[in-house]
Amino acid sequence: MAPQLTRRSFLALSATSAGTVLSYKWLQPAIAQLPNYQINAIQTGEVTANSALIWGRGDRKSSLAVSFSTSSDFQGLVNTVMSAEQVSTETDYTGTLKLDGLQPNTTYYYQVQFVSEARQIRSNKRYGLAGRFRTAPAPDQERTVRFVWAADMAGQGWGRNPDLQITAFDGEVIKGGYVIFDVMRKLDPDFAVFCGDMIYADNPIPPTKAIPDVVGGGTWVNAPAKDFVAISLDEFRANWKYNLQDEKFQRFLAETPIYLQWDDHEVTNNWYPGEILTAEPYNGIAVDVLAERSRQAFFEYNPIRGKEIFDKFQQGKHLELFILDERSYRGPNPENSEPFLEMLGTEQFEWLKQSLKASSATWKVISTDDPLSIVTGGEDDRDAWAQSDSKVLGREAQLRDLLSFIKAEGIKNVVYITADVHFPAAISYQPSRAVFQDFSPFWEFVIGPINAGAFGPAGDLPLDPSFGPQYEFSIFPAEPNLPPPNNQFFGSVEIDGQTAQLTATIHDITGKAVYTKVLNPED
């Protein structure tokens with residue numbers, strides 16, 4: 001069994017002094033006790049028709065160099081790009097490099113090296129860490145596109161268990177760690193969308209946990225454990241490294257480009273800007289202090305461009321993906337029953353509306369890290385869009401404005417994918433069932449968790465009726481907080497290049513399809 005990892009307890013902090021006391025200098029003694037998670041991972045992200053981001057982590061001050069080729073053995077033409085800025089302690093030795101001038105709809109093979117100077121780069125054969133990716137089709141190209149989406153990883157103390165074993169849909173036995181990534185690889189997706197809660201910074205992972213009797217009982221083993229709640233920058237970094245240590249996750253990332261967003265557990269449960277965290281172990285820390293550190297680690301440990309999390313990406317003629325940030329600009333959760341409450345903020349909301357209006361893609365898929373009508377949180381902590389009142393209140397007012405804009409502008413074929421609630425569902429929205437009716441019918445598909453506790457609706461609450469939702473499919477666990485392999489789900493979407501037909505599928509941890517919906521595009 002792996003040794004339990006601990007962090008020195010912090011002194012109780014007042015809200016007024018939190019920002020000062022939690023400076024990097026003050027945290028040095030705690031940081032020194034953090035585990036040194038050794039990782040050997042590379043990632044590709046935000047792939048477009050002509051570019052891609054490549055991420056890696058070195059072990060010393062050096063420059064990130066990426067060699068890439070259309071040849072799997074790196075024979076013939078090989079291009080090499082080296083970063084102008086060196087990785088160092090300032091970035092925890094992580095770096096991201098953009099490859100430009102790529103050809104659309106083309107498979108590229110790449111290798112990552114960290115070098116002191118250009119002459120040390122080896123590019124004529126496989127060397128160092130190697131992976132592959134396929135660029136997006138050109139915006140006018142009719143190619144079939146397939147992607148998966150996932151969320152909720154290493155939550156509720158269910159971490160990397162070497163004894164976890166499943167039999168995949170094709171008969172292969174997969175054992176140890178994050179087994180679901182080997183399953184998702186079998187679908188050969190063009191890319192993956194990570195919908196948030198891809199770390200649980202606020203959840204310790206103890207050496208062992210009791211498995212509920214309803215699923216057989218016994219003892220769950222976490223190897224290694226992660227026995228701390230993230231407060232310092234290095235502790236947030238350590239959460240990403242904990243996951244990246246997993247070999248199955250590493251293989252998936254090396255050959256599957258990702259687009260990603262964050263949700264609450266990248267910082268702490270149900271957080272919102274301006275909140276003061278009074279409970280242990282935070283003891284009066286302003287959540288904005290934590291969010292700043294978490295955001296830095298998020299950008300360091302993932303291939304993501306720019307300074308904003310919200311973005312859009314086109315994948316051929318028939319798909320444009322919209323990634324939202326529903327944490328950075330939201331209003332306070334306790335005010336979600338007021339007449340209006342921000343979810344996206346003015347800038348992001350206007351960007352989303354105008355981007356949807358300008359999109360030439362057949363399907364507009366919006367990745368929302370919080371569900372639209374599933375009620376989450378307690379009575380004074382409604383964390384998603386809804387709050388279980390039939391009136392359009394709080395964040396629903398912004399959703400109402402978005403839905404009416406989509407209808408008024410004649411924007412067709414909008415689909416929502418989401419997670420967060422730790423159960424799978426397919427929800428149809430119909431104006432005829434709704435309190436607010438000035439919108440076009442649409443679908444929302446929900447997945448998760450992929451390696452965390454499985455739950456049902458908060459307090460067994462029904463869907464908020466404001467926009468006429470109805471469960472067309474759902475699976476709730478026999479009791480709360482069931483571990484893998486019980487009630488773990490991911491999703492896939494395939495859009496046919498010729499017919500533009502969209503097929504959304506919800507898969508269990510073995511890859512078996514438990515629900516499929518085929519949608520034909522509107523002209």
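This is a predicted model: local features need pLDDT of at least 70, side-chain atom pairs count only at pLDDT 80 or more; totals for chains, interfaces and linings use all residues.
Modeller: Start with the whole protein chain. For 523 residues, a compact globule would have a radius of gyration near 24 Å, and the protein chain, with 22 Å, agrees with that.

Biologist: What does the C-alpha trace span along its principal axes?

Modeller: About 65 × 60 × 45 Å. Of the 523 residues, 61% count as buried. The protein chain exposes about 19700 Å², and carbon and sulfur atoms supply 47% of that area.

Biologist: How many helices and strands does the protein chain have?

Modeller: The secondary structure comes to 8 helices and 26 strands. Look at contacts too. Among those with a separation of 6 or more, 73% are between residues 24 or more positions apart.

Biologist: Now the sheet. How do strands of a sheet pair?

Modeller: Through backbone hydrogen bonds, either parallel or antiparallel. Here, an open sheet of 7 strands shows mixed pairing, in the order E17-E18-E19-E20-E22-E21-E23.

Biologist: Which strands stand at the edges, and why is one side of each left without a neighbour?

Modeller: Strands E17 (311-314) and E23 (469-474). From one strand to the next, the twist averages 20°.

Biologist: Are strands E18 and E19 parallel or antiparallel?

Modeller: E18 (residues 319-323) and E19 (residues 363-367) run parallel, joined by 5 bridges. Find Glu320: it stands opposite Lys364 in E19.

Biologist: Which strands does helix H7 touch?

Modeller: Helix H7 (residues 346-358) packs on the sheet and touches E17, E18 and E19. The direction of H7 makes about 180° with that of E18.

Terms used:
Residues are numbered from 1 along each chain as its sequence is written. Side-chain values use heavy atoms; hydrogens and water are left out. Two strands pair if DSSP finds at least two bridges between them. Helices (H or I, at least four residues) and strands (E, at least two) are DSSP runs, numbered from the N terminus. Axes are lines fitted to C-alpha atoms, for helices over the stretch in contact, and angles run from 0 to 180 degrees between N-to-C directions. Contact means heavy atoms within 4.5 Å. The radius of gyration is taken over C-alpha atoms; the globule rule is 2.2 Å times the number of residues to the power 0.38. Buried means under 20% relative accessible area, exposed over 50%, partly exposed in between (1.4 Å probe, protein chains only). Accessible areas come from the Shrake-Rupley method with a 1.4 Å probe; for residues, only the protein chains shown count as cover.
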